[in-house]
Amino acid sequence: MLGKADLQTLSRIVRLIGVERRDVLIPPNPLLDAGVFSARGELVVATDPALGVPRRHLGRLAFHCPASDVAVSGGRPEFAVSCILLPAGSDPGEAVGLAEQIH
């Protein structure tokens with residue numbers, strides 16, 4: 001599979017969230033990139049793969065898209081977790097450049 005899964009597949013996946021919990025205020029949803037749970041107050045988390053964007057903007061968008069999802073969901077973008085995946089044989093300097101954009 002390349003890119004995001006189709007809506008039907010995502011719907012099947014997000015139903016597999018394990019045991020329902022009261023602290024999950026907004027559970028996974030294939031149409032949302034963010035969720036809300038209560039942990040020492042409310043915490044909004046988001047993930048948003050940056051697909052189909054020019055590599056020169058990839059790091060910036062990999063940070064700002066999820067931060068925007070958190071903000072529009074009522075959260076305060078305070079933390080970031082990034083996973084940089086590049087094709088085999090990519091120049092290591094490209095990963096450093098992406099990390100610099102995220103920073």
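1. Helix 2 is followed by Gly74, whose phi is positive, near 95°. Helices (H or I, at least four residues) and strands (E, at least two) are DSSP runs, numbered from the N terminus.

2. The model is predicted, and local features need pLDDT of at least 70, side-chain atom pairs count only at pLDDT 80 or more, and totals for chains, interfaces and linings use all residues. Residues are numbered from 1 along each chain as its sequence is written, and side-chain values use heavy atoms, with hydrogens and water left out.

3. Helix 2 covers residues 55-72, 18 residues in total. From first C-alpha to last it reaches 25 Å, close to the 26 Å expected at 1.5 Å a residue (1.5 Å times one less than the number of residues). A kink of about 40° is centred on Leu61; the bend at a residue is the angle between axes fitted to the seven residues ending there and the seven starting there.

4. Leu58, Gly59, Pro66, Ala67, Asp69 and Val70 are the buried residues of helix 2 (under 20% relative accessible area, 1.4 Å probe, protein chains only). They pack against strand 2 (34-38), strand 3 (42-46) and helix 3 (92-102), where contact means heavy atoms within 4.5 Å.

5. Strand 2 runs antiparallel to strand 3, and five bridges join them; strands pair if DSSP finds at least two bridges between them. Gly35 has Val45 of strand 3 as its bridge partner. The two strands form a hairpin with three residues between them, and Arg40 in the turn has a positive phi of about 55°.

6. Strand 1 (residues 24-26) is also antiparallel to strand 2, joined by two bridges. Here Val24 stands opposite Phe37 of strand 2.

Conventions. Buried means under 20% relative accessible area, exposed over 50%, partly exposed in between (1.4 Å probe, protein chains only).
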